[in-house]
Amino acid sequence: MIHYLFLVLLQKKFDSQKIVELSKNKIVLETKKKNLITLIPFKSKTYEKMNPPIDKIVVSKSPCYGSCPSNSTVIDNKGNFLFYGDSHNLKNGFFSSKVSSQITKEIFNELKYVDFHALKPKYSSNWTDMASSTITFISKGKIIKTVYDYGGESPFELRRLIRNISYLYQNISLQTLKTDPISVYDFTSGTQTIDLKESEIFHLFSELLKAKTISSYSGNLPFTGKYLLPVPTNEDYKNLYLYRRSINTDGKIFKIQLEDKTFKMIDLGYNFFNDNHLIRVKNDSIRRPY
């Protein structure tokens, strides 16, 4: 007599059931009450032939009303890795790493189970105080899709990818990066505006880290944004203005005000706003090239 042994997780004990039929297509089990249970193999549908090639993935997780992790992660298909832990993580701060080719392959292999073209830009739960996630996909150096998920309402395959990327920092060696976060949610210029999602913000930040510092620039920098320096835990919110700094940019050149209120000029090498179609007219939801 052959039995199928399995663990009953809720009761924390092992149980066994008699196997009455066994083939490569199914297993039929007989319970102690003589009921029959049929198990069939499940094979996830794949979309690798329809999905675009993805070079880089950016994931950001926002806090909930509780102890949900707040962090951002970038990984590209070469294994280059950047992580920022904001709160409720095993490690908080900025870190970089070089992920092994095997792990990188496993991460990007998960993309074939995601129906990329069917993804909505936004998924939302009716519950309050839930955590949210955003994921941005980059192909050939350009953002091709960003998805926002509040309350875990997106497809399982996408949520699995988000989870595996956001927790990857726990399983690899990390090198500390000494840098201040630059998180600008919007840039404005007259009638034009740029609203960035969490993962798009971190993508921009990761690109600025690689950009070239220049001594001066005489051209027009029409877009203005604000960001916050790290604020001490017990600081009065009325004093937040002391930690605000400005950024002026045309999407390619970034003039960043530092903590001491001096400026640093950075040449990104390409126009982040224009190439990613992030600019829109105020009161218009459509993003347009600059």
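**Talking through the model**

Me: Which residues is F254 in contact with, leaving aside its neighbours within four places in sequence?
Reply: This is a predicted model, and in it F254 is in contact with F187, L204, L208, I247, N248, T249, K264, M265, I266, L268 and F273.

Me: And which residues touch the most other members in the largest nonpolar core?
Reply: F187, F254 and F273 do, in a core of 31 residues. In general, nonpolar side chains tend to be buried together in soluble globular proteins.

Me: Which elements each supply at least two residues of this core?
Reply: α3 (198-210), β16 (223-228), β18 (253-257) and α4 (272-275) each do. α3 gives the most, with 5 residues.

Me: What does a second, separate core include?
Reply: That one has 26 residues, and L119, L161, I165 and I172 are among them.

Me: Back to α3. How many of its residues are buried?
Reply: 10 of the 13, so α3 is largely enclosed by the rest of the structure.

Me: Which ones are they?
Reply: The buried residues of α3 are S199, E200, I201, F202, H203, L204, F205, S206, E207 and L208.

Me: How far apart are the end C-alpha atoms of α3, and what should it span?
Reply: They are 19 Å apart. At 1.5 Å a residue, the 13 residues should span 18 Å, which agrees. The expected span there is 1.5 Å times one less than the number of residues.

Me: What stands opposite F187 in β16?
Reply: G225 does. β13 and β16 pair in the antiparallel sense over 2 bridges.

Me: How many bridges join β13 to β14?
Reply: 4, and β13 and β14 (residues 192-195) run antiparallel. One of the partner pairs is S189 with Q192 in β14. The two strands form a hairpin with 2 residues between them, and G190 in the turn has a positive phi of about 60°.

Me: Changing topic: what's the strand order in the open sheet of 8 strands?
Reply: The order is β9-β11-β10-β5-β6-β7-β8-β12, with mixed pairing.

Me: Which are the edge strands?
Reply: β9 (122-124) and β12 (175-176), each of which pairs on one side only.

Me: Which strands is β6 joined to?
Reply: 6 bridges join β5 to β6, and those strands run antiparallel. 6 bridges also join β6 to β7, again antiparallel. Bridge partners include K56 with D76 in β6, and S70 with S87 in β7.

Me: Which residue takes a positive phi in the hairpin of β6 and β7?
Reply: G79, near 95°, in a hairpin with 3 residues between the strands.

Me: And β7 with β8, parallel or antiparallel?
Reply: Antiparallel: β7 (residues 80-87) and β8 (residues 93-98) pair over 6 bridges. The partner of F81 in β8 is S97.

Me: Now helix α1. Which of its residues are buried?
Reply: T104, I107 and F108, in a helix that runs over residues 101-109. They cover an arc of only 90° around the axis, which puts them on the same side of α1.

Me: What covers them?
Reply: β5 (56-62), β6 (70-76) and α2 (156-166) are included in what covers the buried residues of α1.

Me: Right-handed or left-handed?
Reply: The torsion about the S-S bond is about 90°, so the disulfide is right-handed.

Note on methods:
Residues numbered from 1 in each chain as written. Predicted model: local features only at pLDDT ≥ 70, side-chain atom pairs only at ≥ 80, totals over all residues. Heavy atoms only, no water. Core = buried A, V, L, I, M, F, W, Y, C linked by side-chain atoms within 4.5 Å. Buried < 20%, exposed > 50% of the residue type's maximum accessible area, 1.4 Å probe, protein only. Contact = heavy atoms within 4.5 Å. Pairing = 2+ DSSP bridges. Disulfide = S-S within 2.5 Å. Arc of directions from axis to C-beta.
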